[in-house]
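User: I would like to learn how to read a few features of a protein model, one at a time. Please give the general idea first and then the case at hand.

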Amino acid sequence: VKGSQKCELNCRAIGYRFYVRQAEKVIDGTPCDQNGTSICVAGQCKSIGCDDYLGSDKVIDKCGVCGGDNTACKVVSGVFKHTLTNLGYHKIVEIPEGATKINITEMSKSNNYLALRSRSGRSIINGNWAIDRPGRYEGGGTMFTYKRPNEISSTAGESFLADGPTNEVLDVYMIHQQPNPGIHYEYIIPGDNVISPQLLAHRRPGEPLNGQLGMPESTNQEDEDLHRETDTLIGQSAGTFPVIQPGRFPSHQPENQVPAMQLPRQNREHNWKQIGKTECTATCGKGSQYPVFHCVNRITHEEVSESYCDSSTKPIPEEEACNLFPCPAFWDIGEWSECSKTCGLGMQHRQILCRQMYANRTLTVQQYRCQHLEKPETTSTCQLKICSEWQIRTEWTSCSVPCGVGQRTRDVKCVSNLGDVVDDEECNMKLRPNDIENCDMGPCAKSWFLTEWSDRCSAECGDGVRTRSVVCMTNHVSSLPLEGCGNNRPSETTPCNNGPCAGKVEWFAGGWAQCSTECGSGTQQREVICVRKMEGHFEVLNPYECSYLDKPPSQQSCYLKPCGSKWFHTEWSTCSKSCEGGFRVREVRCLSDDMTASTQCDPQLKPEEKEPCNTQDCIPEIDENCKDKYYNCNVVVQARLCVYTYYKTACCASCTRVANRQSGFLGRR
């Protein structure tokens, strides 16, 4: 309803367009805006400041201070845009201890996931490659809200939101699976003159929360000491504040009073005794509890005041696990998706998972564990509003032409259920009435329509023609009889002459020769000569005479048809031997028209990849200096003494022949 009617009690029946006022004003205190920052008072919508005063304009600043000026804290923000290559966990940003108003948001939807882990290594959200459902998760002393929009039409990415403050350092990670769309991070840390969150968490009664300490109306001596000691801490850096626990402040004694001497332990009459345990923090799924120690009489074991026992000897309670059995499984119901239709009856979906709680973690388990419970519906009908409808606002206009076929129009609008004109997309486009149609006003008279003569003559010299366009068209303004244009068609050409052509120099190009290849890409040639045009003939000139004119191309590429796949091969390699038979090789490939590998070549036409070469016998080179110096060199050969330098030189010819025979034998092997 309108702003002036926000505090009226108006009701509209579902499915109808009208509403009825039930009361002139609602009960005082009824919210009258979406944010809950305004309420109705005496029928008027009044705003409420953060100081809880009606009409106040004070608001909470970024630092959480009512009416503050944003100077009590520091905002840390940025965008993580690094390009990542490896899949898996990648650290994005570190959230320090004491951070508030934490916002980690993916800049657009992607297949990546955000993850959160404490500095001690404990996983909070999406750890150990397990993807958690959107929801609320405790970590670092605050509650994080994990959002993952599941609507198909939504482009928003994942996000972590928390009010803080955190009590430990937290690390934010991204599980990288596709290009990083960018991660925006923002949080607030205390300024230099702000009390640390640890100190605020342990404040005593009477201390405001806005970073200012004041004395309550009545305090005891210990409270005064607390305020006096706290006041000395305000000027220090927020990062150096010690954690002050209630009851830990030293009590002051008169200077002339001597502390009472405590008796040795063996002579005391009282000691500490465990009398039980605290209640388990969880009824199932692993909780924790602590032992409880009381001061008792050593002999009678009767409980007495703790002042009878030495507080320094009181045992420190240690955490113990309890109720380790798992909690019963339950159906975890996700949020409904957007309605499939913006108006009228549509469908919406939600995710239903079987979950089980253990050790403060909610785990997804097999659905049979929830078979004792009725499974909620995963789909449902929905209707956001009644669909708008088409309305014809005007009658058809007159036809756009006095004769022949023209068009006429009318005004068609999409109207909401409240009677307002809205965008056409709000209505069913398939049911839209036509807002334009043809109209026939009967036949029209026809006549010849002409263009002006062309400016240029078809010939640069000698006789040529000028042209114009002639067409028979309908004439809306003529009073010619209702018939065709007749046979007296005006001429489309007229003669023209730009003077004699004698002595004019120009390039003359012959016809193109046939393509150099029968298929695929090739070239074709033609002859281009320089001529002088004379009366009735041409005179061939030196090409230099036409050099000042643009010469037509004498070669061009041509393509008759695709060749298909063909065999290609490299040149032959060098022969493997210089004599007595070697071989040489080459690479053969089947390639298509675009020079990519193909299997369509004819195997029968495949060129050889290997062939013999240098089959002639080896003829040893005759060295005039290589001779036998002794007549009995055959004995040297038989005794296999050719391996020694002396005999190889003295019986050079015999040793060389033996060496050639052995190499030939090994080559044939």
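User: Is Glu94 buried, partly exposed or exposed?

Analyst: This is a predicted model. Glu94 has a relative accessible area of 37%, so it counts as partly exposed, because that class lies between 20% and 50%.

User: Which residue forms a salt bridge with Glu94?

Analyst: The general idea is that side chains of opposite charge can pair when their charged atoms come close. Here Lys91 pairs with Glu94, and their closest N and O atoms are 3.8 Å apart. Lys91 is partly exposed at 41% relative accessibility.

User: How many salt bridges are there in total?

Analyst: The count comes to 19 salt bridges. One of them joins the side chains of Glu8 and Arg21, with an N to O distance of 3.2 Å. Glu8 sits in the segment before β1 (9–12) and Arg21 in strand β2 (residues 19–23), so this pair ties together parts that are 13 residues apart in sequence. Glu8 is buried, with a relative accessible area of 18%.

User: What is the N to O distance in the salt bridge of Glu539 and Arg532?

Analyst: The side chains of Glu539 and Arg532 meet at 3.4 Å, N to O. Glu539 is partly exposed at 36% relative accessibility, and Arg532 is partly exposed at 23%. As for networks, salt bridges that share partners join Lys91, Glu94, Arg119 and Asp171 into one.

User: Where is Arg350, and which residues does it touch?

Analyst: Arg350 is in the loop between β20 (346–349) and β21 (352–358). Not counting residues up to four places away in sequence, Arg350 touches Ile333, Gly334, Glu335, Trp336, Pro376, Glu377 and Thr378.

User: Let us turn to sheets. In what order do β24, β26 and β27 stand?

Analyst: Strands of a sheet pair through backbone hydrogen bonds, either parallel or antiparallel. In this case 3 strands form an open sheet in the order β24-β26-β27, with antiparallel pairing. The edges are β24 (389–392) and β27 (421–422); each has a single partner strand, so one side of each is left without a neighbour in the sheet.

User: How many bridges pair β26 with β27, and which residue stands opposite Val415?

Analyst: Strand β26 (residues 412–415) pairs with β27 over 2 bridges in the antiparallel sense. Opposite Val415 stands Val421 in β27.

User: What about backbone geometry: which peptide bond is cis?

Analyst: Most residues other than glycine have a negative phi, and most peptide bonds are trans. The bond from Gly164 to Pro165 is cis, with omega near 0 degrees. Pro165 is in the loop between β12 (159–162) and β13 (170–176).

User: What is the phi of Lys286, and what is that of His301?

Analyst: Lys286 has a phi near 75 degrees, a positive value in a residue other than glycine. Lys286 lies in the loop between β15 (270–277) and β16 (287–289) and is partly exposed at 36% relative accessibility. His301 is not a glycine either, and its phi is positive at about 60 degrees. The loop that holds His301 runs between β17 (291–297) and β18 (320–322), and His301 is partly exposed, with a relative accessible area of 48%.

User: Where is Ile131, and which residues is it in contact with?

Analyst: Ile131 is in the loop between β9 (123–125) and β10 (135–139). Leaving aside neighbours within four places in sequence, Ile131 is in contact with Tyr113, Asn126, Arg148 and Ile175. Ile131 is partly exposed, with a relative accessible area of 37%.

User: To finish, how many helices and strands does the chain have, and what share of its residues is buried?

Analyst: The chain has 5 helices and 41 strands. Of its 669 residues, 28% are buried. Among contacts between residues at least 6 apart in sequence, 60% join residues at least 24 apart.

Conventions: Residues are numbered from 1 along each chain as its sequence is written. This is a predicted model: local features need pLDDT of at least 70, side-chain atom pairs count only at pLDDT 80 or more; totals for chains, interfaces and linings use all residues. Side-chain values use heavy atoms; hydrogens and water are left out. Helices (H or I, at least four residues) and strands (E, at least two) are DSSP runs, numbered from the N terminus. Buried means under 20% relative accessible area, exposed over 50%, partly exposed in between (1.4 Å probe, protein chains only). Contact means heavy atoms within 4.5 Å. Two strands pair if DSSP finds at least two bridges between them. A salt bridge is a side-chain nitrogen of Lys or Arg within 4 Å of a carboxyl oxygen of Asp or Glu.
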